[in-house]
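Keep the 3D view open while you read.

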Amino acid sequence: MKKLLAYECKRILLPLCIFTAVAAVIYVAAAFSADLIDQWALDFNGATGAPVPGDRAGDTVLYVPAIILAALCTAVPVMQFSYRMKKRSVDLWYALPVTRRALTSVRFAGSLALVLVPYAVSYWAGFAVIACRDNLFHLQYYVALFFASLPAAALLLGTNAFLFTRANRVGDGIFFLLAWAFLLAMPAQYFNYFSFRGMPSALENLTNYSTYSPLGWLFGGFSLAARTGEVIIEDPAVVFTLWGVLGAGAVFGLFFTAKGHPAENAGQISDTWFGYRTIIPVYLFCTMSWAFASSASVSAAAEVAALVLVAAAGLAAYFAYRRSFRLRLCDVLSLVLSLGAGTLVSAITLAYL
């Protein structure tokens, strides 16, 4: 185990240095070029209502480390766990005298290093530049944000690693990772569009249902706090509870299923319930259920054309799933039933709302 850890450190050293250098250069350059003070802001005199020139806090530049962190949490799992998708590499790694769970642990530890080290170095380098320049920020919120973002980043990394490793090919894994980023937002869009009475606004907010939502809300809330001195994060209980539980479950699943991962699956069709078998029907059903119900004023010809396009997209997705133009009966039934059920829900919505 110690030798494997030592080898992992050597193996990731070059990409770690490259990621760190690139991330630091990007954030430092953005911090140097940003307008930290908005010199054109106007305050209004309470007595007269007349505009009074004055300076305000400007660009916090916190969107830069947010993008860097999200990009790292997306790219690193692909780098670290793609060995499972190639027969040559999976045979090589699984032939080592270590358990598959131990190998997964080492790779996940390396993933954390590849994400958190470049993020930490770039974050504090950019913060140093901002702190040394003239600004009107509440700088303590930069410090608080860094520590608050670490568990969110670890859970996002674990979630993406779990989703990626459900696949048997790299392309499938990337598709799973990106598709699940918005999967839960699809049914929420239906309730959001029609705004059912009694539906809590927190549950209608689509920005709560992406795997990247915790990072977005954290950086957005603390960016506002750095300018105003007050942390405001909408619906924190919903977004952080939802993705905290799902993220912890994903990390557990990553290690729990590692022992039973068969080497012979590498390069085969990704036939998992976390993949195409679930993603395609959910997207088709949800698209049909809200998109067509929201188009009551659209002509029948346009609706038919849209239905054909959605069906064609679903058919193309199943071709990609099977890597063949010959589909199984279960695929055809799934396609037809998801389109039909979505159309039925659309018709019911139009009739009763």
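## H12 against H14

Keep in mind that this is a predicted model. Start with helix H12 (residues 276-291) and helix H14 (residues 329-352), which pack at an angle of about 25° with their axes 7 Å apart. Since angles under 35 degrees count as roughly parallel, that makes H12 roughly parallel to H14. The crossing of H12 past H14 is right-handed.

Who does the touching? On the H12 side you'll find Pro281, Leu284, Phe285, Met288 and Ser289. They meet Ser334, Leu335, Ser338, Leu339, Ala341, Gly342, Thr343, Val345 and Ser346 of H14. Sort the residues of this H12 and H14 contact by class and you get eight nonpolar, six polar and no charged.

From H7, the contact uses Asp172, Phe175, Phe176, Ala179, Trp180, Phe182 and Leu183. From H12, the partners are Tyr276, Thr278, Ile279, Val282 and Tyr283. The contact of H7 with H12 has 10 nonpolar residues, one polar and one charged.

## H3 against H6

Helix H3 (residues 63-81) and H6 pack at an angle of about 40°, with 9 Å between their axes. That makes H3 oblique to H6. As for handedness, H3 and H6 cross in a right-handed way.

H3 brings Leu69, Cys73, Thr74, Val76, Pro77, Val78 and Phe81 to the contact. H6 answers with Ser149, Ala153, Leu156, Leu157, Asn160, Ala161 and Phe164. By class, the residues of the H3 and H6 contact come out as 11 nonpolar, three polar and no charged.

In soluble globular proteins, nonpolar side chains tend to be buried together. In this model, the largest nonpolar core has 81 residues. Those with the most contacts inside it are Tyr27, Val61, Leu69, Tyr123, Ile130, Tyr142 and Phe219. Which helix gives the most to this core? That's helix H6 (residues 140-164), with 12 residues.

Zooming out, the protein chain has 14 helices and four strands. It runs to 353 residues, of which 44% count as buried. Take the contacts with a separation of 6 or more: residues 24 or more positions apart account for 75% of them.

Val61 is worth a click. It's found in the loop between strand S4 (56-57) and H3, and its phi is near 65°, a positive value in a residue other than glycine. Is Val61 buried or exposed? Its relative accessibility is 0%, so Val61 counts as buried. Leaving aside neighbours within four places in sequence, Val61 is in contact with Tyr27, Ala30, Ala31, Ala34, Leu36 and Ile130. Val61 is also one of the residues with the most contacts inside the largest nonpolar core.

Arg323 has a positive phi too, near 55°, and again it's a residue other than glycine. Look for Arg323 in the loop between helix H13 (300-322) and H14. Its relative accessible area is 34%, so Arg323 is partly exposed.

Glu8 lies in helix H1 (residues 2-11). Its relative accessible area is 4%, and since buried means under 20%, Glu8 is buried. Not counting residues up to four places away in sequence, Glu8 touches Gln80, Val106, Arg107 and Gly110.

Thr20 sits in helix H2 (residues 13-33). With 15% relative accessibility, Thr20 counts as buried. What does Thr20 touch, not counting residues up to four places away in sequence? Its partners are Val117, Pro118 and Val121.

How values were computed: Residues are numbered from 1 along each chain as its sequence is written. This is a predicted model: local features need pLDDT of at least 70, side-chain atom pairs count only at pLDDT 80 or more; totals for chains, interfaces and linings use all residues. Side-chain values use heavy atoms; hydrogens and water are left out. Axes are lines fitted to C-alpha atoms, for helices over the stretch in contact, and angles run from 0 to 180 degrees between N-to-C directions. Helices (H or I, at least four residues) and strands (E, at least two) are DSSP runs, numbered from the N terminus. Angles under 35 degrees count as roughly parallel, over 145 as roughly antiparallel, 65 to 115 as roughly perpendicular and the rest as oblique. A crossing is left-handed if the near helix is turned anticlockwise from the far one by less than a right angle, and right-handed if clockwise. Contact means heavy atoms within 4.5 Å. Ala, Val, Leu, Ile, Met, Phe, Trp, Tyr, Cys and Pro count as nonpolar, Asp, Glu, Lys and Arg as charged, and the others, Gly among them, as polar. A nonpolar core is a set of buried Ala, Val, Leu, Ile, Met, Phe, Trp, Tyr and Cys residues joined through side-chain atoms within 4.5 Å. Buried means under 20% relative accessible area, exposed over 50%, partly exposed in between (1.4 Å probe, protein chains only).
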